[in-house]
Amino acid sequence: MNRRTIVAANWKMNGNLNLVEYMAKRLNQVQLGENVEVIVCPSFPYLSAMANQLAHDNIYLGAQNVNVQQSGAFTGEISTSMLQEFAVKYVIVGHSERRSIYHETSVEIADKVKAVLAAKLTPILCIGESLEQRTAEQTEQVLAGQLQPVIDAIGIEKFKDVVIAYEPVWAIGTGKTASPEMAQATHLFIRQFLAANNIDVANKVPLLYGGSVNAQNCEALFAQTDIDGGLLGGASLKVDEFSQICSTVKGS
Ligand code: PGA
(Lines give C-alpha, C1' and ligand atoms only; values in the text may rest on other atoms or scores of the structure.)
Protein backbone atom coordinates (compact mmCIF):
# COMPACT_ATOMS: atom_id res chain seq x y z
CA MET A 1 0.00 0.00 0.00
CA ASN A 2 1.61 3.26 -1.14
CA ARG A 3 0.79 5.98 1.31
CA ARG A 4 2.42 9.37 1.08
CA THR A 5 5.15 10.14 3.59
CA ILE A 6 4.63 13.36 5.52
CA VAL A 7 7.05 15.46 7.55
CA ALA A 8 5.07 18.09 9.45
CA ALA A 9 6.48 20.99 11.48
CA ASN A 10 4.57 22.13 14.54
CA TRP A 11 6.18 25.40 15.58
CA LYS A 12 3.82 25.80 18.55
CA MET A 13 4.12 29.34 20.04
CA ASN A 14 7.64 29.81 18.73
CA GLY A 15 9.36 31.50 15.83
CA ASN A 16 9.38 34.98 14.35
CA LEU A 17 9.50 36.65 10.94
CA ASN A 18 13.23 35.94 10.63
CA LEU A 19 12.66 32.23 11.09
CA VAL A 20 9.83 32.30 8.54
CA GLU A 21 12.15 33.87 5.99
CA TYR A 22 15.12 31.65 6.73
CA MET A 23 13.07 28.44 6.83
CA ALA A 24 11.10 29.22 3.66
CA LYS A 25 14.28 30.06 1.74
CA ARG A 26 15.90 26.81 2.77
CA LEU A 27 12.84 24.63 2.24
CA ASN A 28 12.30 26.06 -1.22
CA GLN A 29 15.63 24.48 -2.20
CA VAL A 30 15.06 21.08 -0.61
CA GLN A 31 14.87 18.08 -2.93
CA LEU A 32 12.13 15.84 -1.61
CA GLY A 33 11.92 12.10 -2.20
CA GLU A 34 9.14 10.77 -4.36
CA ASN A 35 5.80 10.72 -2.57
CA VAL A 36 7.14 12.91 0.28
CA GLU A 37 5.17 15.92 1.49
CA VAL A 38 6.25 18.59 3.97
CA ILE A 39 3.82 20.68 6.01
CA VAL A 40 4.83 23.78 7.96
CA CYS A 41 2.52 24.95 10.76
CA PRO A 42 3.66 28.30 12.16
CA SER A 43 1.59 30.47 14.53
CA PHE A 44 -1.36 32.32 12.98
CA PRO A 45 0.38 35.71 12.55
CA TYR A 46 3.06 34.10 10.39
CA LEU A 47 0.78 32.23 7.98
CA SER A 48 0.63 35.13 5.57
CA ALA A 49 4.39 35.66 5.41
CA MET A 50 4.97 31.91 5.10
CA ALA A 51 2.35 31.64 2.34
CA ASN A 52 4.08 34.42 0.42
CA GLN A 53 7.55 32.96 0.78
CA LEU A 54 7.05 29.23 0.38
CA ALA A 55 7.42 28.23 -3.24
CA HIS A 56 7.72 24.46 -3.47
CA ASP A 57 5.29 22.06 -5.15
CA ASN A 58 5.24 19.58 -2.26
CA ILE A 59 5.50 21.86 0.75
CA TYR A 60 2.23 22.99 2.27
CA LEU A 61 1.05 25.32 4.95
CA GLY A 62 -0.81 24.19 8.05
CA ALA A 63 -2.42 25.88 11.05
CA GLN A 64 -2.15 24.72 14.66
CA ASN A 65 -5.79 25.11 15.66
CA VAL A 66 -9.15 26.38 14.42
CA ASN A 67 -12.60 27.21 15.72
CA VAL A 68 -15.65 25.30 14.51
CA GLN A 69 -17.67 28.52 14.01
CA GLN A 70 -17.53 30.38 10.71
CA SER A 71 -17.67 33.92 12.14
CA GLY A 72 -19.14 35.95 14.98
CA ALA A 73 -18.46 37.00 18.55
CA PHE A 74 -15.65 34.58 19.40
CA THR A 75 -12.85 36.88 20.50
CA GLY A 76 -9.40 35.52 19.78
CA GLU A 77 -10.58 32.70 17.53
CA ILE A 78 -9.89 31.84 13.88
CA SER A 79 -12.22 30.18 11.35
CA THR A 80 -11.54 27.73 8.54
CA SER A 81 -12.50 30.36 5.93
CA MET A 82 -9.82 32.70 7.33
CA LEU A 83 -7.24 29.94 7.03
CA GLN A 84 -8.29 29.29 3.43
CA GLU A 85 -7.43 32.88 2.54
CA PHE A 86 -3.80 32.13 3.39
CA ALA A 87 -3.41 28.99 1.30
CA VAL A 88 -3.58 26.77 4.37
CA LYS A 89 -4.18 23.13 3.50
CA TYR A 90 -3.79 21.32 6.84
CA VAL A 91 -4.94 21.98 10.39
CA ILE A 92 -3.51 20.32 13.51
CA VAL A 93 -6.45 19.29 15.68
CA GLY A 94 -6.41 17.92 19.21
CA HIS A 95 -2.73 18.34 19.99
CA SER A 96 -2.03 17.09 23.52
CA GLU A 97 -1.28 20.66 24.62
CA ARG A 98 -4.77 21.69 23.46
CA ARG A 99 -6.23 18.73 25.32
CA SER A 100 -4.32 19.27 28.56
CA ILE A 101 -3.81 23.06 28.81
CA TYR A 102 -7.03 24.20 27.10
CA HIS A 103 -9.15 21.24 28.21
CA GLU A 104 -10.38 20.33 24.73
CA THR A 105 -12.38 17.12 24.93
CA SER A 106 -12.37 14.33 22.36
CA VAL A 107 -15.92 15.31 21.42
CA GLU A 108 -14.94 18.95 20.81
CA ILE A 109 -11.93 17.76 18.85
CA ALA A 110 -14.21 15.55 16.75
CA ASP A 111 -16.30 18.64 15.94
CA LYS A 112 -13.16 20.45 14.84
CA VAL A 113 -12.18 17.56 12.57
CA LYS A 114 -15.65 17.76 11.05
CA ALA A 115 -15.40 21.54 10.52
CA VAL A 116 -11.95 21.23 8.94
CA LEU A 117 -13.15 18.54 6.53
CA ALA A 118 -16.27 20.56 5.67
CA ALA A 119 -13.93 23.38 4.60
CA LYS A 120 -12.03 20.92 2.37
CA LEU A 121 -8.93 21.23 4.52
CA THR A 122 -7.07 18.22 5.92
CA PRO A 123 -7.05 17.66 9.67
CA ILE A 124 -3.94 16.28 11.36
CA LEU A 125 -5.68 14.59 14.27
CA CYS A 126 -3.35 14.13 17.25
CA ILE A 127 -3.85 11.32 19.72
CA GLY A 128 -1.64 9.87 22.43
CA GLU A 129 -1.43 8.55 25.96
CA SER A 130 0.22 9.99 29.07
CA LEU A 131 3.03 8.25 30.95
CA GLU A 132 0.61 7.15 33.69
CA GLN A 133 -1.70 5.65 31.08
CA ARG A 134 1.16 3.83 29.32
CA THR A 135 2.46 2.50 32.65
CA ALA A 136 -1.02 1.32 33.58
CA GLU A 137 -1.23 -0.47 30.20
CA GLN A 138 -4.16 1.70 29.14
CA THR A 139 -2.62 2.97 25.90
CA GLU A 140 -4.95 1.11 23.54
CA GLN A 141 -8.02 2.03 25.55
CA VAL A 142 -7.00 5.71 25.59
CA LEU A 143 -6.32 5.81 21.85
CA ALA A 144 -9.61 4.06 21.10
CA GLY A 145 -11.37 6.58 23.35
CA GLN A 146 -9.80 9.46 21.39
CA LEU A 147 -10.57 7.96 17.98
CA GLN A 148 -14.12 6.72 18.50
CA PRO A 149 -15.77 10.16 18.97
CA VAL A 150 -14.20 11.24 15.67
CA ILE A 151 -15.48 8.12 13.91
CA ASP A 152 -18.91 8.82 15.40
CA ALA A 153 -18.82 12.45 14.25
CA ILE A 154 -17.58 12.07 10.67
CA GLY A 155 -18.07 8.39 9.78
CA ILE A 156 -15.19 6.05 8.96
CA GLU A 157 -15.21 6.79 5.18
CA LYS A 158 -14.16 10.40 5.76
CA PHE A 159 -11.00 9.19 7.51
CA LYS A 160 -9.49 8.75 4.06
CA ASP A 161 -9.08 12.55 4.14
CA VAL A 162 -7.59 12.65 7.64
CA VAL A 163 -3.97 12.41 8.76
CA ILE A 164 -3.43 10.95 12.23
CA ALA A 165 -0.46 11.84 14.41
CA TYR A 166 0.26 9.45 17.26
CA GLU A 167 2.14 11.44 19.87
CA PRO A 168 2.77 9.79 23.23
CA VAL A 169 2.53 12.70 25.67
CA TRP A 170 5.57 11.47 27.61
CA ALA A 171 7.71 11.78 24.47
CA ILE A 172 6.70 15.33 23.52
CA GLY A 173 9.49 17.82 24.11
CA THR A 174 11.19 15.47 26.57
CA GLY A 175 13.92 13.95 24.42
CA LYS A 176 12.41 10.53 25.23
CA THR A 177 11.33 9.01 21.94
CA ALA A 178 9.32 5.81 21.74
CA SER A 179 11.53 3.08 20.32
CA PRO A 180 10.77 2.32 16.66
CA GLU A 181 9.33 -1.06 17.75
CA MET A 182 7.10 0.47 20.40
CA ALA A 183 5.90 3.18 18.02
CA GLN A 184 5.26 0.59 15.28
CA ALA A 185 3.24 -1.60 17.65
CA THR A 186 1.04 1.34 18.61
CA HIS A 187 0.64 2.47 15.00
CA LEU A 188 -0.39 -1.05 14.09
CA PHE A 189 -3.03 -0.95 16.83
CA ILE A 190 -4.36 2.36 15.45
CA ARG A 191 -4.51 0.99 11.92
CA GLN A 192 -6.23 -2.19 13.08
CA PHE A 193 -8.72 -0.15 15.09
CA LEU A 194 -9.62 1.77 11.92
CA ALA A 195 -9.55 -1.45 9.87
CA ALA A 196 -12.17 -3.00 12.13
CA ASN A 197 -14.43 -0.29 10.71
CA ASN A 198 -13.12 -0.19 7.13
CA ILE A 199 -9.95 -1.88 5.86
CA ASP A 200 -9.56 0.20 2.70
CA VAL A 201 -9.75 3.45 4.62
CA ALA A 202 -7.38 2.16 7.32
CA ASN A 203 -4.78 1.34 4.67
CA LYS A 204 -5.00 4.83 3.18
CA VAL A 205 -4.65 6.96 6.34
CA PRO A 206 -1.15 8.36 6.87
CA LEU A 207 -0.10 7.69 10.48
CA LEU A 208 2.58 10.08 11.70
CA TYR A 209 4.67 9.62 14.81
CA GLY A 210 5.45 12.61 17.04
CA GLY A 211 7.50 13.05 20.18
CA SER A 212 11.15 14.12 20.20
CA VAL A 213 11.76 13.16 16.58
CA ASN A 214 15.11 14.47 15.34
CA ALA A 215 17.70 13.96 12.60
CA GLN A 216 19.25 11.02 14.48
CA ASN A 217 16.15 8.96 15.16
CA CYS A 218 13.81 9.81 12.27
CA GLU A 219 15.14 7.26 9.81
CA ALA A 220 14.60 4.25 12.09
CA LEU A 221 11.14 5.49 13.09
CA PHE A 222 9.97 6.31 9.57
CA ALA A 223 11.25 2.95 8.26
CA GLN A 224 8.53 1.12 10.25
CA THR A 225 5.71 -0.36 8.18
CA ASP A 226 2.92 1.64 9.77
CA ILE A 227 4.79 4.89 10.38
CA ASP A 228 4.25 7.26 7.46
CA GLY A 229 6.31 10.19 8.66
CA GLY A 230 6.36 12.50 11.65
CA LEU A 231 5.03 15.56 13.40
CA LEU A 232 8.03 17.48 14.71
CA GLY A 233 8.13 20.21 17.34
CA GLY A 234 11.57 21.16 18.63
CA ALA A 235 13.48 19.89 15.58
CA SER A 236 11.18 21.81 13.23
CA LEU A 237 12.49 25.13 14.57
CA LYS A 238 16.06 24.33 13.56
CA VAL A 239 16.50 25.25 9.92
CA ASP A 240 19.50 23.01 9.24
CA GLU A 241 18.15 19.98 11.07
CA PHE A 242 14.61 20.26 9.73
CA SER A 243 15.65 20.74 6.10
CA GLN A 244 18.07 17.83 6.46
CA ILE A 245 15.30 15.60 7.80
CA CYS A 246 13.02 16.62 4.92
CA SER A 247 15.64 15.89 2.29
CA THR A 248 16.70 12.52 3.70
CA VAL A 249 13.23 11.06 4.25
CA LYS A 250 12.42 8.32 1.80
CA GLY A 251 8.96 8.03 0.36
CA SER A 252 7.00 4.80 0.52
P1 PGA B 1 8.58 17.57 19.94
O2 PGA B 1 7.04 18.00 19.73
O3 PGA B 1 9.08 17.11 18.60
O4 PGA B 1 9.26 18.81 20.42
O5 PGA B 1 8.59 16.48 20.93
C6 PGA B 1 6.18 17.28 18.90
C7 PGA B 1 4.78 17.84 18.98
O8 PGA B 1 4.35 18.27 20.06
O9 PGA B 1 4.06 17.87 17.96
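The model is a predicted one. The largest pocket holds about 400 Å³ of space, and the largest cavity has a volume of about 30 Å³.

**The ligand and its surroundings**

- Around the ligand there are 13 residues, of which Lys12, His95, Glu167, Gly173 and Ser212 come nearest.
- By class, this shell consists of four nonpolar, seven polar and two charged residues.
- Histidine 95 places a polar side-chain atom 2.7 Å from an oxygen atom of the ligand.
- Glycine 233 has a polar backbone atom 2.8 Å from an oxygen atom of the ligand.
- In the side chain of asparagine 10, an N or O atom is 3.4 Å from an oxygen atom of the ligand.

**The largest pocket**

- The lining of the largest pocket comprises 13 residues, and Lys12, Met13, Gln64, Arg98 and Tyr102 are the closest to the pocket's centre.
- Helix α4, which spans residues 96-101, gives the most to this lining, with three residues.
- Five nonpolar, five polar and three charged residues make up the lining of the largest pocket.

**The largest cavity**

- The count of cavities of 30 Å³ or more comes to one.
- The residues that line the largest cavity are Gly94, Ser96, Arg99, Cys126, Ile127, Gly128, Glu167 and Val169.

How values were computed
Residues are numbered from 1 along each chain as its sequence is written. This is a predicted model: local features need pLDDT of at least 70, side-chain atom pairs count only at pLDDT 80 or more; totals for chains, interfaces and linings use all residues. Side-chain values use heavy atoms; hydrogens and water are left out. On a 1 Å grid over the protein atoms alone, a cavity is a set of points where a 1.4 Å probe fits but cannot get out, and a pocket is an open set with protein on both sides within 12 Å along at least five of seven lines; lining residues have an atom within 4 Å of a point. Grid points are joined across faces, edges and corners, and a volume is the space filled by probe spheres set on the points. Helices (H or I, at least four residues) and strands (E, at least two) are DSSP runs, numbered from the N terminus. Ala, Val, Leu, Ile, Met, Phe, Trp, Tyr, Cys and Pro count as nonpolar, Asp, Glu, Lys and Arg as charged, and the others, Gly among them, as polar. A residue is near a molecule or strand if one of its heavy atoms lies within 4 Å of it. A polar contact is a pair of N or O atoms within 3.5 Å; within protein, one must be able to donate a hydrogen and the other to accept it, and residues adjacent in sequence count only if both atoms are side-chain atoms.
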